[in-house]
Every structure is written in structure tokens, then in C-alpha cells.
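Welcome, and thanks for coming along on this tour. Please open the structure in your viewer and keep the selection tool ready.

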Amino acid sequence: MLNAKTLESLLNAPIKCDEGRLMRLMSCDNPIKTIYIFHHYDSSVQGSFECKVKASILEFSKMVDYLLKNEGNVDRDRLIGVNKVAILPTRNIIKNALYEIANWIYLLKEILVSNDITTLYSDIYSLSMINYIVLTSFCGITDFSKNINNSRTLRRFINFQKESKQFIKGDIHIDAYLKEVANHKQFLEETFRTFFKYDLLEEDFLAFILLFDIRKNRNMVNNK
């Protein structure tokens, strides 16, 4: 479970967003934003907007800790800001989601060094992010039934699927395809390296997703 010191380190990680990580976090619906609104007038949480959002992040981390410690026996009424019909994450789902990210990075590396990409077609077609989708759906940043996708990682995964199909069909030149593959690899390595850099635990992964994987909302204030 996240503590204040680790959270501060995560929030100080570089971000390519002028408005900052907390504003990006609050730019779309998610449980942390809901917790913030729910406790906005709570006199027990003093301080600035930043202090209150940080308190909401730690509250979300406690909620996830409760969820994972009580798998199969969870009181959904205790899950603030979570879709009542959402699939609830388990440690196994989180582990599998991390494996999916690792497998995708490995495949991107293989594509970049391969002398014959056709030998990797089956791996490209079978690549899945279903467990990661479960987590982003729980976090409220994706709902494909409503065409909502505020996950930078899943947007890239969808683009990678489209680009791979175009390449396999011969509709995109290999140089252009490899450039996109290298771009996806760089993004994934830079983003998820932070998770391991701070020795975060599996139960911290949901908070990590909300802090690092929400895309910049084009309607954010002072958008340039």
C-alpha cells in the first residue's frame, strides 16, 4: 500500500504535461477524483487542492488494499467511485496485466531485431491486454461500451494492432512500421520503468495506472 513518502516520489517523476500530474489525474472520471469530490468538504482533510488530492490517492490505495485482502468477499458499497458491475481486480489479474506489458515490450524488441518479421505474425496476432483492460475499466479510465479510452497504454496498443495489420497487408512500409514499433517500445519502457524503480508492489499498480497512464485531456485548462 502506498505511503506518503513513496507517493511524493511518484508525483515528482517527470511528466510531459504543463498542468502537472494531479491536474491530469483530475481531468477524467476515476475513483480518486470521486474520492476527492466526496471528501471535498470534509473538515478532517485540511490544506490546498494538492494536499486533498494526495489524501484522496492514499485513500484509494487503502481501498485497493481492502479489495485485494478480501478477494471473493468484498462489500462493493465500500468501493467509492467504482462501477457497481465492474470486474474486481485480483492479485492474479494484476500479475497477468504486468506480464502482458512485459510480453508486449519483449515482442516489440523482437520485431526491431528480426530479419524476418513474418515469423512473429502469430505472436503479434495472439498478443492480449485483457487483464490490463480489466484494471483500467475498474479505474474508470476505459469503458469500451461507451467508447471511452483515457489510457495512453491501451491507445498505443490499439494503434500497434492497426499498424501491424497494415504492415502484414503491405499497406505500410517496413521503415514506417519499425519507427512506430520503436516509439511504442520507448513509451512503455519509460513509463513502466518507474513502477519498478520505486519498488512498488502489485497492490500499488492501480494507483500507478491512474498516476501515469491517463492521457492528457484536450479540454484541460490552459491547453496549448
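**The whole chain**

Begin with the cartoon view of the protein chain, whose secondary structure comes to 10 helices and 2 strands. What you have open is a predicted model. Follow the chain from the N terminus on, and the elements run α-α-α-α-α-α-α-β-β-α-α-α. The radius of gyration of the protein chain is 19 Å, close to the 17 Å that the globule rule gives for 224 residues, so the chain is as compact as a globular protein of that length.

Next, select helix H5, residues 91–113, together with helix H9, residues 174–197. The axes of H5 and H9 come within 9 Å and cross at roughly 145°. This crossing is left-handed.

Now show the side chains where the two helices meet. On the H5 side, pick Leu 98, Ile 101, Trp 104, Ile 105, Leu 108, Lys 109, Ile 111 and Leu 112. Their partners in H9 are Tyr 177, Leu 178, Val 181, Ala 182, His 184, Lys 185, Leu 188, Glu 189, Phe 192 and Phe 195. Colour the contact of H5 with H9 by class, and you will find 14 nonpolar, 1 polar and 3 charged residues.

**A stop at Glu 189**

Zoom in on Glu 189, which has its place in helix H9. Which residues does Glu 189 contact, leaving aside its neighbours within four places in sequence? They are Ile 105 and Lys 109. For a sense of scale, draw a line from Glu 189 to Ile 94: the two are 95 residues apart in sequence and 18 Å apart in space, C-alpha to C-alpha.

**The largest pocket**

Switch to a surface view. Rolling a probe the size of a water molecule over the atoms shows where empty space is left. The largest pocket has a volume of about 890 Å³. To find it, select Lys 16, Arg 24, Arg 152, Phe 187 and Thr 191, the closest to its centre of the 23 residues that line this pocket.

Helices H2 (21–25), H8 (152–169) and H9 each supply at least two residues of the lining. H9 gives the most to the lining of the largest pocket, with 8 residues. Coloured by class, this lining has 6 nonpolar, 5 polar and 12 charged residues.

**The second largest pocket**

For the last stop, move to the second largest pocket, with a volume of about 450 Å³. Of the 23 residues that line it, Asn 83, Ser 137, Gly 140, Thr 142 and Asp 143 are the closest to its centre. By class, the lining of the second largest pocket has 11 nonpolar, 8 polar and 4 charged residues.

Key
Residues numbered from 1 in each chain as written. Predicted model: local features only at pLDDT ≥ 70, side-chain atom pairs only at ≥ 80, totals over all residues. Heavy atoms only, no water. 1 Å grid on protein atoms, 1.4 Å probe; cavity = no way out; pocket = protein on both sides within 12 Å on 5 of 7 lines; lining within 4 Å. Points joined across faces, edges and corners; volume = space filled by probe spheres on them. Helix = DSSP H or I, 4+ residues; strand = E, 2+ residues; numbered from the N terminus. Nonpolar A, V, L, I, M, F, W, Y, C, P; charged D, E, K, R; others polar. Axes fitted to C-alpha atoms, helices over the stretch in contact; angles between N-to-C directions. Left-handed = near helix turned anticlockwise from the far one by under 90°. Contact = heavy atoms within 4.5 Å. Rg over C-alpha atoms; globule rule 2.2 N^0.38 Å.
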